Amino acid sequence: MQSSLNVPSSYAGYISMTISLMTVISSLFSPHLIKKMAVKWIVIISIALTACGLLGFFSVNQY
């Protein structure tokens with residue numbers, strides 16, 4: 001990715017920190033969502049958001 005996006009390898013840290021932060025936020029909100037929604041809908045939405053994120057990583061051509 002470094003050579004195709006033409007950015008320093010240190011930028012991978014920013015991406016990793018963002019992913020880690022979103023994981024922490026997700027785990028903090030999960031008890032509230034489980035109380036409000038059925039678990040199957042949380043799983044379906046989670047899978048859809050993960051697929052959207054992977055498509056986003058796949059489709060970018062610049063940092």
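The lining of the largest pocket in this predicted model consists of Ser26, Ser30, Leu33, Ile34, Met37, Ile42, Ile45, Ser46, Leu49 and Thr50. A pocket here is an open set of points on a 1 Å grid over the protein atoms alone, where a 1.4 Å probe fits, with protein on both sides within 12 Å along at least five of seven lines, and lining residues have an atom within 4 Å of a point. Residues are numbered from 1 along each chain as its sequence is written. Local features need pLDDT of at least 70, whereas totals for chains, interfaces and linings use all residues.

**Pocket**
- About 240 Å³ of space lies in the largest pocket, the volume being the space filled by probe spheres set on the points.
- Both α2 (11-36) and α3 (39-59) supply at least two lining residues each, and α3 gives the most, with 5 residues; helices are DSSP runs (H or I, at least four residues).
- The lining comprises 6 nonpolar and 4 polar residues and no charged ones, with Ala, Val, Leu, Ile, Met, Phe, Trp, Tyr, Cys and Pro counted as nonpolar, Asp, Glu, Lys and Arg as charged, and the others, Gly among them, as polar.

**Overall form**
- The chain has 3 helices and 0 strands, a strand being a DSSP run of E of at least two residues.
- Along its principal axes the C-alpha trace spans about 45 × 20 × 10 Å.

**Annotated spans**
- The unreviewed UniProt entry annotates residues 12-29 and 41-60 as "transmembrane region", although such annotations may be inferred rather than shown by experiment.
- Residues 12-29 are 100% helix, with end C-alpha atoms 26 Å apart, while residues 41-60 are 95% helix, with end C-alpha atoms 29 Å apart.

Conventions:
This is a predicted model: local features need pLDDT of at least 70, side-chain atom pairs count only at pLDDT 80 or more; totals for chains, interfaces and linings use all residues. Side-chain values use heavy atoms; hydrogens and water are left out.
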